[in-house]
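Subject: Handing over the two-chain model

Dear colleague,

Please find below the structure that I am passing on to you. I would be glad if you kept it open while reading the notes that come after it.

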Amino acid sequence: MRKSIFVLALAICMLLMPAAVLAQGGREAASDQLVIRFYYPIGTAGDLANAMNELCAQYSAENPDVDVEPIYAGDYVQTMQRTLTSSKAGNPADIALLTSADVWTAVDEGIILPLQPFIDSEGEGFLDRFFPGMLYDSMVAGEYYAIPFQKSTPIFYYNKDMFREAGLDPEKAPQTWEELAEYAAILTTDDRYGVEIPIDQWLLSIFILQNGGEINNIEGTETYLDTPEAIGAVEYLLDLVNKGYMPAKRLFGDSSSDFVAGKTAMMYNSTGSLAFVRDSASFDWGVGFLPAGKERIVATGGGQFVICSGISEERQAAAWDFIKWMTEPAQTAKWSMASGFIAVNPAAFDLPEMAEYTAALPQAIVARDQLQYAVGEPPKTHDAREVSQAMASMFENMLAGNISPEEGMQELQASCDSILAEYN
Amino acid sequence: MTISKKLRTWGAAYLLILPSFIFLVAFTFYPIAYSVVTSLDAASGGIGFGNYSKMLSSTEFQQAIRNNIVYAFFSTVPAVLIGLLLAIVLNTKMKGKGFYRFAVFYPTILPIATASMIWVFLLSQSIGLVNHLLGIMGLPSKIDWVNTSPYAMVSIIIVYIWKYSGYYMLLFLSGLQSIDSSLYDEAYLEGASGWERLRMITLPLLSPTTFFVVLIAIVNSFQAVDQIYVMTKGGPHNSTNVLLYYIYEYGFVYWEPEIASSASTLLFAFLLILTFFYWYGGQRKVNYER
């Protein structure tokens, strides 16, 4: 009998254990303090979580009745997973930092608030604090749903030592597609490529736009990928591959390690790689604007703030105030210096600490100046991740020589049509 | 045994498994059932196979199935054979066998994501050790392993074999050590050659282990996702997209849970049937000692 009582007690303890753990969880907040939950991703390496914690702590110190709790949520995909699942489970976060594609999905799923009322409440000219090119990704079908925070853009990196060896002017990056092909021909040797261009929808889109093409309509319900301009962009890149000037496929990380190892003389890469190249390259290097096609255009990428729906007005107001504070010059400068993202607020570049930073890393100024040619992060459509994957995948297939650019782009357009069919 | 005593004994047993049973129901059985319901669109009232027909007719899914079969075959067969061979070699009386056993087993200890990351560097086209060694041997050394087809598939297969052979070796080794050594002595006295001893004693008596190893090897190969996520993301052009990665992509990147649930249900049914047939079909052919 004693034994069975013991067994019973044990079983009850085991049953109650999870409840005890649950009861213990959750952060204790002062009763009158509003705790704002903020999901953020880190796309690049570095001691960024500390910088984010410091920023949020600083905000809470300046605003004692609000406690912003930064919650690291993984990469962009995982941050979207957490944001969406929390909202669907009826326990939404207050703020999240999402990439452009996921902002569209968040709108389609009805989990974030339109921000025009908040923007209007600030009076005329609130959006002037941002680089205009960075605002494209904040809109879904022409309406504001997000506010830019951590933005990057591709820039052109080149090895000045190799330029000198080959008799090229080390202070002049190639300015056009034709020059890029010429330089690549001169710089390619047996054990290195002339240029590496990470193959994905981001850079493919830039080439299509530079060639005078378009990616999608503003409503995000149609793509235009089988136009002569789009096919021409792929043909240009395929030619570089076929001549052996560039590899058929590289990811962003592969390219930057190849560049610092001297395995490629030039590369397209994100501004996010500036710090890595600075710390790892043992040679003289420079950056420039992306070579222009028919037009000079560059895309942007990165993350923007959204406010989740289903939270009280008090919380919405606190969330908006935090977002406003985070995009002031001092905070954007701090985040830019910690992360390598471009400060979204141009006034940040006038701050003394930023001047010191750009003096040590003058390449960051080139990235900023290139922003006058910036558009958003294509494709800007519904189901953008699926469209992106279709683009990246077909792009790989075409550059591997498995299918001609013309047939490939027609097939790609057909798959995008079927992905977007439900929105038409 | 009286009824009340029976009840007390069994009652206590049920009470003890109750906590883990609750978790199993909440986090395994309920999600399985819910995913079947989702895949059939049953939540909205009617039952339909629209998601299945949409999925089955897509080239991406068909390719994922083909890739998975290729992957399962070319990873399972070599990994099991290498595991068996290593176990037989490392079961002999040799110097430093503890070291060799550890060396072969250690990839098993590494998390698969770490192992994959190591191989991404080893297989890098420009700075990787593999191409470097191929170059020294005068073989083609400019292979872009993880980025071009069919080498991307070869790369993820290499990681599977490297990661799991050591584990299968360990399982085989324990099987080998449970074989009565007097059988070998007797066969030796009867004049049986080494090959005959392997074929007539080792392999038959090892068959319960082999049976088990092959089953988990196949199941493992259909559960591959980590190295694909880390190494290739299913690329280039879907050439390394396998079932589980397909499910992940549709479920958590594209947010189409109906498609992901349909694929999960098919995978679940397939593995269940495989296990069932293998278990009942195999049991008659397997040589158990007792």
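The notes below take up the conventions, then chain B, then chain A, and finally some backbone details.

This is a predicted model, in which local features need pLDDT of at least 70 and side-chain atom pairs count only at pLDDT 80 or more, while totals for chains, interfaces and linings use all residues. Residues are numbered from 1 along each chain as its sequence is written, and chains are lettered from A and ligands numbered from 1 in the order in which they are written.

Chain B contains 12 helices and zero strands, where helices (H or I, at least four residues) and strands (E, at least two) are DSSP runs numbered from the N terminus. Its C-alpha trace extends over about 75 × 75 × 30 Å along the principal axes, and 31% of its 290 residues are buried, a term that requires 20 or more other C-beta atoms within 10 Å of the residue's own, with exposed meaning 12 or fewer, partly exposed the range in between, and C-beta atoms placed from the backbone.

The domain assignment, which is automatic or taken from a database, divides chain B into domain 1 (1–48) and domain 2 (58–285). The centres of these two domains of chain B, taken over C-alpha atoms, are 33 Å apart, and six residues of domain 1 are in contact with seven residues of domain 2, contact meaning that the C-beta atoms, placed from the backbone, lie within 7 Å.

Between the chains, the contact involves 22 residues of chain B and 26 residues of chain A. On the chain B side, α1 (3–39) and α11 (243–253) each supply at least two residues, and α1(B) gives the largest share, with six residues.

In chain A, helix α17 (residues 405–420) has 16 residues and reaches 22 Å from its first C-alpha to its last, close to the 22 Å expected at 1.5 Å a residue, the expected span being 1.5 Å times one less than the number of residues. Its buried residues are A:Pro405, A:Gly408, A:Met409, A:Leu412, A:Ser415, A:Cys416, A:Ile419 and A:Leu420. They lie on the same side of α17(A), because they cover an arc of only 125° around the axis, the arc being that of the directions from the helix axis to the C-beta atoms. These buried residues of α17(A) pack against α9 (228–242) and α16 (384–399) of chain A, whereas A:Glu407 and A:Ser418, on the other side of α17(A), are exposed.

Strand β6 (residues 147–152) of chain A has six of its six residues buried, so it is largely enclosed by the rest of the structure. β6(A) pairs in the antiparallel sense with β12 (residues 301–307) of chain A over five bridges, pairing being taken to need at least two DSSP bridges, and A:Pro148 has A:Gln304 as its bridge partner in β12(A).

Most residues other than glycine have a negative phi, and most peptide bonds are trans. The bond from A:Pro378 to A:Pro379 is cis, with omega near -5°, and A:Pro379 is in the loop between β13 (374–375) and α16 of chain A. Another cis peptide bond joins B:Ser149 and B:Pro150, with omega about 0°. B:Lys233 has a positive phi near 50° and is partly exposed, with 18 other C-beta atoms within 10 Å, whereas B:His237, with a positive phi of about 45°, counts as buried, with 24 C-beta neighbours inside 10 Å.

With best wishes

Methods: Contact = placed C-beta atoms within 7 Å.
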